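Hi everyone, thanks for coming. Let's take a look at this one together.

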Amino acid sequence: MKFSILINLDRFGPNEDMSTVLRQRLELVQIADRGGFDIAWTAEHHTLEVTIAPNPLLLLAYWGQHTERIRLGTAVLSAPYWHPIRLAGEIAMTDLLLEGRLELGFGRGSYQYEFDRMAGGMNQGEGGKYLRELIPVLKELWKGDYAHNGELWSFPAATSVPKPLQSPHPRMWVAARDPHTFDFAVKNHCHIMSTPLQRPYGEVVTLCERLDESARNNPHMPRPEHMMLRRACVYENPDDWEIPVRATVNFGRYFENVFRNIGTVRNGFPEPVDYRVIENKNDYASDALHRNMIFGTPDRVVEKLEAYEKAGVDHYLYGACFGMPHEFTVKSLRLFCDEVIPHFKIKQMNCRKRAT
């Protein structure tokens, strides 16, 4: 199993200093860089303080100046918000600035709240067709002159200026939950990013089975890597489980506001909603979160991740930022680097020795 980390900038009130947020998130990236993570990812979102990422490529370029080894990726670029020519050039420039460390995650867009402001009020469900048209166009623009006449974009012959450092382009990932998106990703040589949200472990198995089915339906295509996102917290004292659970419950009140478009946003800050108005309130029960998230002592976290590995997850994405105190987040991440990642590295070494 490989390891990535998702790090987003966030504020929950106007009194939180933005410069402090930037500094604290960079600290997490640097710990991950030194601690054995393969990739650090950050999202794209607009007009929302709970995920501050108007251009993730810009943030990755900043992180790249302060890290040495770790690859840096977009999780995810929202396809409906970009013109292909502009995005091709910005991706290529970022890859050059990162000296070939860029990874690319794409998605159809997350929140209707954003679609109402960034995509002319388009229904969020229409975002998938932008994703499906965008990715093949980007690949052509990175090759050379290409004229496009599609459903969504049309332009005369043009090319990406500059071209990416990585040849033919940075590795590409697609955020997928439904079978059609899994199938598209496999057919277009993209790896898979998925999340079971707050749902039980059975949802992890279901998502892995969707990739298995897509791979069977496309036998001549290489099988992609499967990355799975879950929030994580590692602690030495078993009684500390309440800290990440409380943070998840609190963060969920903001998340459900914009995810389900059921609340008010004032000056960029979503108002926390009452769980009584959401259908999935049982997902936020304390015992369910303690069980379903990657929360626990190092031994317990290893046990949970071994179950993910057995289900078919190749790459675990550590969800780091969900409102916990920064000092506790740092301690958790250091424990993960020191006591969880080495367990899987040793397993990999032993497997290689047996293979030879």
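A word on terms: buried means under 20% relative accessible area, exposed over 50%, and partly exposed in between, using a 1.4 Å probe and protein chains only. This is a predicted model, where local features need pLDDT of at least 70, side-chain atom pairs count only at pLDDT 80 or more, and totals for chains, interfaces and linings use all residues. Residues are numbered from 1 along each chain as its sequence is written, and side-chain values use heavy atoms, with hydrogens and water left out.

Now the aromatics. Rings of Phe, Tyr and Trp (its six-membered ring) pair if their centres lie within 6.5 Å; planes under 30 degrees apart are stacked, over 60 edge-to-face, and the rest tilted. There are 16 aromatic pairs here. One of them joins Phe-3 and Phe-344, and it is edge-to-face because the planes sit at 65 degrees, with the centres 5.5 Å apart. Both residues, Phe-3 and Phe-344, are buried. Phe-295 and Phe-322 make a stacked pair, 5.9 Å between centres and 25 degrees between planes. Phe-295 is buried at 1% relative accessibility, and Phe-322 at 0%. Ring pairs also build a cluster from Phe-3, Phe-37, Tyr-316, Tyr-318, Phe-336 and Phe-344.

What about Pro-170, buried or exposed? Buried, with a relative accessible area of 0%. Setting aside neighbours within four places in sequence, Pro-170 has contacts (heavy atoms within 4.5 Å) with Ile-91, Asp-95, Leu-102, Leu-104 and Pro-164.

For Cys-337, the nearest cysteine sulfur belongs to Cys-233, 13 Å away.

Technical notes:
Disulfide = S-S within 2.5 Å.
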